[in-house]
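Visitor: Hi! I'm new to this one, could you show me around?
Guide: Happy to, let's bring it up.

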Amino acid sequence: DEELRGEHGQRVQAIQTSPLGKLVVAVYGDKTRIYEVSSGRCMRTIHHPPGRRLKGVAVWSPTETFFACTAEDYVVCVWKADTGELVGMLKGHSQSVRSITFTRNEQYVCSASWDGSIRRGTIGQNRQLSPSEVLFQSNGKAIHALAVSSDGQWFLSAVKSDTPPDTSSANLLAPPSRQPY
């Protein structure tokens, strides 16, 4: 098995095929590239914000308009795919971001972290660090996966545990509407 490498031997940190299957985003430490699937041609090279190394997770929005990646400093960066313009850097997590998803209307990006929080940030024209809103804070359980319903009304999260989380705690910012299982 040969590892996919960029220029100067950089390893791919994250890779994801677009929802329509036409594009692939490949994240390297200091840049991201978008490739056309049919030809393998690099369509765009995007250099990361200064001092920010990306790694871990990459995801496309439903219409391939945006893509997002996680950074080593727990920030979620969002770009416009057609121009490579950075349209958001969402902060707030204190540990590794393990999952990112866009809402169907592409107005928000949601992220889940080992810090036990699920956060939501607004996609806009802000290239500066913006705080993201806490939608849910677990009682000490790291969140490993996240999905949002197509209508944006529900989310499903996964924790690695032998027992369901304690949802009776008064410290939960948003208790679940259904009993976890």
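Guide: This is a predicted model. Let's start with Y74, which is found in the loop between β6 and β7.

Visitor: What is the phi of Y74 like?
Guide: Y74 has a positive phi, near 70°, and this residue is not a glycine.

Visitor: OK, what about E64, where is that?
Guide: E64 sits in the loop between β5 and β6. Its phi is positive too, about 65°, although E64 is not a glycine.

Visitor: Buried or exposed, that E64?
Guide: E64 is buried, as its relative accessible area is 11% and buried means under 20%.

Visitor: Switching topic: which residues have the most contacts inside the largest nonpolar core?
Guide: They are I34, L54, W60, F67, C69, C77 and W79, in a core of 18 residues. At least two residues of this core come from each of β2, β5, β6, β7 and β8.

Visitor: What does C69 touch?
Guide: Leaving aside residues up to four places away in sequence, C69 touches V27, L54, V57, A58, V75, V76, C77, W79 and I100. Another core, of 13 residues, lies apart from the largest one, and V57, F66, A68 and V97 are among its members.

Key. Residues are numbered from 1 along each chain as its sequence is written. This is a predicted model: local features need pLDDT of at least 70, side-chain atom pairs count only at pLDDT 80 or more; totals for chains, interfaces and linings use all residues. Side-chain values use heavy atoms; hydrogens and water are left out. A nonpolar core is a set of buried Ala, Val, Leu, Ile, Met, Phe, Trp, Tyr and Cys residues joined through side-chain atoms within 4.5 Å. Buried means under 20% relative accessible area, exposed over 50%, partly exposed in between (1.4 Å probe, protein chains only). Helices (H or I, at least four residues) and strands (E, at least two) are DSSP runs, numbered from the N terminus. Contact means heavy atoms within 4.5 Å.
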